[in-house]
Amino acid sequence: MDRGVSRRGLLLGGAAAGAGAVGGALAHRWATDAPAAPQAAALPLNGERTVPFHGPRQAGVETPPQAHAAFTAFDLGRDVDAEGVRRLMRLLSDDAARLTRGEPALADTEPELATVPARLTVTFGFGPGLVERVDPGAVPDWLRPLPEFDHDDLDPRWGQADLLVQVCADDPVTVAHTVRMLGKDARAFTEPRWTQTGFRRAHGSEADGTTMRNLMGQVDGTANPRPGTADFDHLVWRETGPAWLAGGTGLVLRRIETHLDTWDELDRPAREAVIGRRLADGAPLTGGDEHAEVDLAATDATGLTVIADFAHVRRSRTDDPEQRIFRRGYNYDLRDHGTPEAGLLFASYQADPVRQFTPIQRRLDELDLLNEWVTAVGSAVFAVPPGCTEDGYVGDSLLEP
Amino acid sequence: MHHTRTARALPIAAAFVLALTACGTGASADAPRDAAAESAPPSPAAEQAEAFSITDPWVKAVTAEEGMSAVFGEMANGSDAEIVIVAAEHPAAEMVELHEVVTEGTDSTMREIDGGFPVEPRGTRTLAPGGDHIMLMGLTEDLEAGMEATVTVEFADGSTTEFTAPVKEYAGANEEYEGDGHGQHEDDGDH
């Protein structure tokens, strides 16, 4: 505590005294930056940054993860037909296009809240129910609930729905306003099913590209394919299957409750053994940095493998390069209503969840010591259609083939 | 989805105009305003309509039973002379009026505006809940969310134009209507 206070005191003192009086690195940086960047004081606000909504692929998948997310799901009203879905998706796409530009939606009752986009993205996913309503023959074979795994304890409250709206931004007020605005335009066509909100580190707290940590303290997502690479494109974006999904992807959203109170009983060596990675930096217990290859064969002085049989990193690994996924998760921590509830909104994107995600989860379900402290309580699968042009709307490839 | 529409001349008495003009109006009616102005100098009757445009128009979703709705958006005058909207039409509305809202304390009352909606030269005029609006009455069909409504507006010089506006759910725009038994826009199931 003392260290934190004194460091803060130093910064405050420095700011109050002005640049000339500050010693050390801070003053040095100011002095060297000043001539080269005379407008350094007028750095653009992060709240002004925008991510384009229109394009061949929907934003919010490859987009570097924003700090806040809300996944909000709806079921279609019984009388809503294909024409109703078309009208719904036109309205929602128009709202998303405007709000992601930092402009109010049409008939926005709080237009001032729309002026801070903060890298807002809105990503739509279709459940099997929505696709069936439009064209029963257009449902891809993987768009169905995952098999129930032994360690799951699924609550239908977080289950499969017809339509998913994923809203991400670096500002929670922006997320709240966007969810509310789209929810109002969905109301005539749908019943709300659930909303799951999550967070990562605040914008600017860590260097861009830092792998997130979950609330168990683990570096979480090291094995992700890197957006912008051919490997990523192949694993995530659909190349085959129904034509309407070309350029789309599949989203698996699982609500993973973590049992932090019993996790607290484990000391650091035990915690590291459960995962097979070091807590400090996420590096494999067999050495190297975070992104070093895990050496599953390496043994210690006693002859036992360094990475235990039950370790998460061993169980999730496979020699089949097709069995990989892209994870873009968010933490949740709810304490406002009685019993604290904490965990991970596990959001993974892959061209074919059945072929890519299910085999991994099956291995984890069979044996993964981490199962002692995590339980999936919600699970849903959505087809994420390709993006749209300025004149189109998300889903037009399905609704107007 | 673009809801910015430039005006295009659309005579209400289309048959009458067709009889008077040798060339068809179909092609020029769909051309952008500037192009139309270049190819044919606007007749005096079309002048105000051609100067008109509306950005972000929308219509409140209602059922036929509710019977009343309103059209909103930002109107603009692209000419150097004042234009005045004096009337409007919607295919499903038996009656359409141009309304203003008068607020006394917390009570807002809407009433027909005297002299229509003038828009200053190169100026704009906003139609918004709680303010000026085009009032649709006696609706014969539901205006459902996500539909496109076609609205025709008429100007002081007799010229007309039309625009389309998406229908959106909206909880507000419930001002009392002065001098009419309809009461509020909503929950007026007694008529």
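A:G387 touches A:H54, A:G55, A:P56, A:R57, A:Q58 and A:V394, with residues up to four places away in sequence left out of the count. Contact here requires that the C-beta atoms of two residues, placed from the backbone, lie within 7 Å. This is a predicted model, in which local features need pLDDT of at least 70 and side-chain atom pairs count only at pLDDT 80 or more, while totals for chains, interfaces and linings use all residues. Residues are numbered from 1 along each chain as its sequence is written, and chains are lettered from A and ligands numbered from 1 in the order in which they are written.

**Surroundings of A:G387**

A:G387 lies in the loop between strand 9 (374-384) and helix 11 (396-399) of chain A. Helices (H or I, at least four residues) and strands (E, at least two) are DSSP runs, numbered from the N terminus. The C-alpha atom of A:G387 is separated by 4.1 Å from that of A:R57, although the two residues are 330 apart along the chain. A:G387 counts as buried because it has 21 C-beta neighbours inside 10 Å. A residue is buried if 20 or more other C-beta atoms lie within 10 Å of its own, exposed if 12 or fewer, and partly exposed in between, with C-beta atoms placed from the backbone.

**The two chains**

The table sets out the composition of each chain.

| Chain | Secondary structure | Residues | Buried |
|---|---|---|---|
| Chain A | 11 helices and nine strands | 401 residues | 41% |
| Chain B | four helices and 12 strands | 191 residues | 36% |

In chain A, 75% of the contacts between residues at least 6 apart in sequence join residues at least 24 apart. In chain B, residues 24 or more positions apart account for 69% of the contacts with a separation of 6 or more.

Chain A is divided into domain 1 (16-45) and domain 2 (49-399), with bounds that come from an automatic or database domain assignment. The centres of these two domains of chain A, taken over C-alpha atoms, are separated by 39 Å.

**A helix pair in chain A**

Helix 3 (residues 82-100) and helix 5 (residues 172-186) of chain A have axes that come within 9 Å and cross at roughly 160 degrees. The axes are lines fitted to C-alpha atoms, for helices over the stretch in contact, and angles run from 0 to 180 degrees between N-to-C directions. Helix 3 and helix 5 of chain A are therefore roughly antiparallel to each other, a term used for angles over 145 degrees. In this pair, A:L88, A:L91, A:L92, A:D95 and A:L99 of helix 3 meet A:T178, A:M181, A:L182, A:D185 and A:A186 of helix 5. By class, the contact of helix 3 with helix 5 of chain A has seven nonpolar, one polar and two charged residues. Ala, Val, Leu, Ile, Met, Phe, Trp, Tyr, Cys and Pro count as nonpolar, Asp, Glu, Lys and Arg as charged, and the others, Gly among them, as polar.

**Contact between the chains**

The contact takes 14 residues from chain A and 12 residues from chain B. On the side of chain B that touches chain A, the elements giving two or more residues are strand 2 (52-60) and strand 11 (160-168) of chain B. That side of chain B has seven nonpolar, two polar and three charged residues.

**Positive phi angles**

B:D56 is found in strand 2 of chain B and has a positive phi of about 55 degrees although it is not a glycine. With 19 C-beta neighbours inside 10 Å, B:D56 counts as partly exposed. A:R119 is placed in the loop between helix 3 and strand 2 (121-126) of chain A. The phi of A:R119 is near 65 degrees, a positive value in a residue other than glycine. A:R119 counts as buried because it has 24 C-beta neighbours inside 10 Å.

How values were computed: Angles under 35 degrees count as roughly parallel, over 145 as roughly antiparallel, 65 to 115 as roughly perpendicular and the rest as oblique.
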